[in-house]
Amino acid sequence: MKSLRFVLFVVLISLSTAAFAQSDSQKSDAQKSFDKLKTLAGSWEGHVTTVPQQADMEGKLMQVSLRSTSMGNALMHEMTGTGRPEDPITMLYLDGDRLLLTHYCDAGNRPRMAGKMSPDGKTVEFDFLDVAGSTEYGHMHHAVFTVIDANHHIEDWTYMMPGDKPVHAHYDLQRTK
């Protein structure tokens, strides 16, 4: 009887392991991208460079906090530092088979973007979908997250000024915890 229980136990463990492995390989590209971004959870710090140069941002030390929330269903990104941007919050989440980003901008609007991972799995790029609220002062239009390693990532954000004039901000971030 004990040997039958043992065999049954081994069979059940094998089946559950196979089912887990199968479900992992069947993840959507959006889920894989979201899982990659969730590895960035933690505190980060780095300097910003801008093109064209923006005096209120150029060279400033910025802090970024990424936190998994809502039982792992959302990733909250918060940026702080001196000057601009002034504490924007960005939420990243899955919507069916899409990875979406909603940026709660200090310009008073909420652009949404859809993300896709690069073939090498190191970069997630977000393209503009739409914006809620006024675009009188411009809006965030594009974002790219590049994972260098567990303690280093790069964020590139493109802000579209009135008249469709882009400002690119490049953040080279190191993990602080």
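Student: Leaving aside its neighbours within four places in sequence, which residues is Ala 132 in contact with?

Tutor: Contact means heavy atoms within 4.5 Å. By that test, Ala 132 touches Asn 109 and Arg 110. A word on the source: this is a predicted model, where local features need pLDDT of at least 70, side-chain atom pairs count only at pLDDT 80 or more, and totals for chains, interfaces and linings use all residues. Residues are numbered from 1 along each chain as its sequence is written, and side-chain values use heavy atoms, with hydrogens and water left out.

Student: Where does Ala 132 lie?

Tutor: Strands are DSSP runs of E, at least two residues; helices are runs of H or I, at least four residues; both are numbered from the N terminus. Ala 132 lies in strand β7, residues 123-132. Ala 132 and Thr 102 are 30 residues apart in sequence, yet 9.9 Å apart in space, C-alpha to C-alpha.

Student: Is Ala 132 buried or exposed, or partly exposed?

Tutor: Buried means under 20% relative accessible area, exposed over 50%, and partly exposed in between, with a 1.4 Å probe and protein chains only. Ala 132 has 32%, so it is partly exposed.

Student: How many helices and strands does the chain have?

Tutor: Two helices and 10 strands. Along the sequence the pattern reads α-α-β-β-β-β-β-β-β-β-β-β.

Student: What share of the chain is buried?

Tutor: Of the 177 residues, 34% are buried. For the surface, accessible areas come from the Shrake-Rupley method with a 1.4 Å probe; for residues, only the protein chains shown count as cover. The chain's accessible surface comes to about 10100 Å², and carbon and sulfur atoms hold 58% of that. Contacts give another view: among those between residues at least 6 apart in sequence, 37% join residues at least 24 apart.

Student: How many salt bridges are in the whole structure?

Tutor: Side chains of opposite charge can pair when their charged atoms come close. The test for a salt bridge is a side-chain nitrogen of Lys or Arg within 4 Å of a carboxyl oxygen of Asp or Glu. The search finds three. In one, Lys 27 meets Asp 35 at 2.7 Å, N to O. Lys 27 is partly exposed at 30% relative accessible area, and Asp 35 is partly exposed at 22%. In another, Arg 98 meets Asp 95 at 3.4 Å, N to O. Arg 98 is at 35% relative accessibility and Asp 95 at 39%.

Student: Which side chain does Arg 112 meet in a salt bridge?

Tutor: That of Asp 130, at 2.9 Å, N to O. This pair links distant parts of the chain: Arg 112 is in strand β6, Asp 130 in strand β7, 18 residues apart. Arg 112 counts as partly exposed at 25%, as does Asp 130 at 31%.

Student: Which residues lie nearest the centre of the second largest pocket?

Tutor: Take the method before the case. On a 1 Å grid over the protein atoms alone, a pocket is an open set of points where a 1.4 Å probe fits, with protein on both sides within 12 Å along at least five of seven lines; lining residues have an atom within 4 Å of a point. Here 14 residues line the pocket, and Ala 114, Gly 115, Lys 116, Met 117 and Glu 125 lie nearest its centre. The elements giving two or more residues to this lining are α2 (29-38), β5 (98-104), β6 (110-117) and β7. Strand β6 gives the most, with four residues.

Student: How much space lies in the second largest pocket?

Tutor: About 230 Å³. Grid points are joined across faces, edges and corners, and the volume is the space filled by probe spheres set on the points.

Student: Where is Gly 121 found?

Tutor: In the loop between β6 and β7. Gly 121 is at 16% relative accessibility, so it counts as buried.

Student: Which peptide bond is cis?

Tutor: Most residues other than glycine have a negative phi, and most peptide bonds are trans. The bond from Val 51 to Pro 52 is cis, with omega near -10 degrees. Pro 52 lies in the loop between β1 (42-51) and β2 (61-69).

Student: What is the phi of Met 71?

Tutor: Near 55 degrees, a positive value in a residue other than glycine. Met 71 sits in the loop between β2 and β3 (74-81). Met 71 is exposed, at 84% relative accessible area. Asp 164 also has a positive phi, about 55 degrees. Asp 164 is in the loop between β9 (152-161) and β10 (165-175), and is exposed at 61%.
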